[in-house]
Amino acid sequence: MTDPIRDFQIAPSILSADFARLGEEVDDVLTSGADIVHFDVMDNHYVPNLTIGPMVCEALRKHGVTAPIDVHLMVRPVDQLIGDFIDAGASIITFHPEASDHIDRSLQLIRDGGCRAGLVFNPATPLSYLDYVMDKVDMVLLMSVNPGFGGQSFIPATLDKLREARQRIDASGRDIRLEVDGGVKVDNIAEIARAGADTFVAGSAVFKARNEADPHRYDGVIRDFREQLASVR
Ligand code: DX5
Ligand code: ZN
């Protein structure tokens, strides 16, 4: 089977942004060349941290953000928040299968709301959760760290798991994105892409790389990512 040409997308995680200036930070990463906004929702229950909810997503839309907003739900339960994020202007909603009592129903809720739906796999969560729902997912998100915090190191076993996920996606013949989240840096993004990922979440790597001379620009690191990715094609 021929390898489909994949477009690579960079998704800065706003978890590492300056929350006091969130609208500006999102504008800045987008004008610096990012493709989508990765929006981490943590509930201090499913994961040991507490972040932002639908009101902040809605505020970003009202601020004028038109790029896709990729909502990563690290919450339990999930269904109520799925509806709230649909109303708040989310574009993609992903959730952890362990956190939903009815995975198929949660996926359907997301699609019924006009969003793209995805499942998120923790480092120790098997891909077999995909077995009966491949026709209901638009994105597979592999965590390359344990969820809850930015700035952790990439877990190398994710590379084999990415290869397995890529095989499943290609075998399905469906248009499904393969996203990776956690510890993505300029020095490992090419290897991660070669393993099959096409969508790259990066939090600390992006927001720590603010241009000293022009604090509204993050284009250096995004250009570096794209240069690395260009070597993969
Ligand atoms: C972790 C979050 C990630 C996080 C990644 O639970 O889901 O999106 O922001 O941060 P970095 O890129 O710093 O590992
Ligand atoms: Zn995330």
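1. Strands β2 and β3 run parallel and are joined by 6 bridges, where helices (H or I, at least four residues) and strands (E, at least two) are DSSP runs numbered from the N terminus, and two strands pair if DSSP finds at least two bridges between them. Within this pairing, His 38 stands opposite Asp 70 of β3. Between the two strands the chain passes through helix α2 (residues 54–63), and this β-α-β crossover is right-handed, a term that applies if, with the strands pointing away from the viewer, the path from the first strand over the helix to the second runs clockwise.

2. A word on the basis of these remarks: this is a predicted model, in which local features need pLDDT of at least 70 and side-chain atom pairs count only at pLDDT 80 or more, while totals for chains, interfaces and linings use all residues. Residues are numbered from 1 along each chain as its sequence is written, chains are lettered from A and ligands numbered from 1 in the order in which they are written, and side-chain values use heavy atoms, with hydrogens and water left out.

3. Strand β2 is mostly covered, with 6 of its 6 residues buried; buried means under 20% relative accessible area, exposed over 50%, and partly exposed in between (1.4 Å probe, protein chains only). Val 37, Phe 39 and Val 41 point one way from β2, whereas His 38, Asp 40 and Met 42 point the other way. In a regular strand the side chains alternate between the two faces of the sheet.

4. Which residues coordinate the zinc ion (ligand 2)? The ligands are His 38 (NE2), Asp 40 (OD), His 72 (ND1) and Asp 181 (OD), at 2.0 to 2.3 Å, and along the chain the donors follow the spacing H-x1-D-x31-H-x108-D. Asp 40 lies in strand β2 (residues 37–42) and His 72 in strand β3 (residues 69–74), so this pair ties together parts that are 32 residues apart in sequence. Both Asp 40 and His 72 are buried.

5. The arrangement around the zinc ion (ligand 2) is octahedral because its 6 donor atoms subtend angles of 69 to 170 degrees. Donors here are N, O and S atoms within 2.8 Å of the metal (3.2 Å for Na, K and Ca), and water is not among the atoms, so sites may look incomplete. Four donors count as tetrahedral if all angles lie between 85 and 135 degrees; four count as square planar and six as octahedral if opposite donors are over 155 degrees apart and all others between 65 and 115, and anything else is irregular.

6. Together β7, helix α6 (residues 189–194) and β8 make a right-handed β-α-β unit. Thr 199 and Val 201 point one way from β8 (residues 199–202) and Phe 200 and Ala 202 the other way, and all are buried.

7. Ile 169 lies in helix α5 and is buried, with a relative accessible area of 2%; its contacts, not counting residues up to four places away in sequence, are Met 134, Val 140, Arg 174, Ile 176, Arg 177 and Leu 178. Asp 175, in the loop between α5 (158–172) and β7 (177–181), is exposed, with a relative accessible area of 72%.

Conventions. Contact = heavy atoms within 4.5 Å.
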